[in-house]
Amino acid sequence: MPTVVEQEFDQSIYRFIFRSETSQRMRAEARAKGIADTVFALLESRGIQMTQAGRDRIVSCSDPAVLQVWAVRSASATNVDDLFADE
């Protein structure tokens with residue numbers, strides 16, 4: 001059975017790892033990168049050529065909601081510019 005000090009230490013570590021601003025930022029960045037990778041994979045699998053400007057725009061985006069829209073659009077896009085329509 002853990003002591004009170006051990007329990008407090010465990011809770012402090014938990015708060016640091018899972019609730020800190022740094023941790024939240026890192027998770028958000030990882031989510032954004034994962035969605036961006038999905039966009040690239042979908043476009044590549046469909047034979048759509050990626051422009052450097054398109055790649056730069058996707059990589060520089062850190063908003064998972066915007067990236068998710070682009071991921072959905074990448075399933076039916078005929079070119080990379082279709083991802084950014086209406087923006």
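1. In helix α2, the residues Ser-23, Ala-32, Ile-35, Ala-36, Val-39, Phe-40 and Leu-43 are buried, that is, under 20% relative accessible area with a 1.4 Å probe and protein chains only, where exposed means over 50% and partly exposed lies in between. An α-helix has 3.6 residues a turn, so residues three or four places apart point the same way.

2. The model is predicted: local features need pLDDT of at least 70, side-chain atom pairs count only at pLDDT 80 or more, and totals for chains, interfaces and linings use all residues. Residues are numbered from 1 along each chain as its sequence is written, and side-chain values use heavy atoms, with hydrogens and water left out.

3. Helices are DSSP runs of H or I with at least four residues, and strands are runs of E with at least two, numbered from the N terminus. The 25 residues of α2 (residues 21–45) should span 36 Å at 1.5 Å a residue, and the end C-alpha atoms are 36 Å apart, which agrees; the expected span is 1.5 Å times one less than the number of residues. Just after α2, Gly-47 has a positive phi of about 75°.

4. Arg-55 lies over the face of Phe-40, 4.7 Å from the ring centre; the criterion is CZ of Arg or NZ of Lys within 6 Å of the ring centre and within 35 degrees of the ring normal.

5. Helix α4 (residues 64–74) contains Val-72, which counts as exposed because its relative accessibility is 55%. Trp-70, at 2% relative accessibility, counts as buried.
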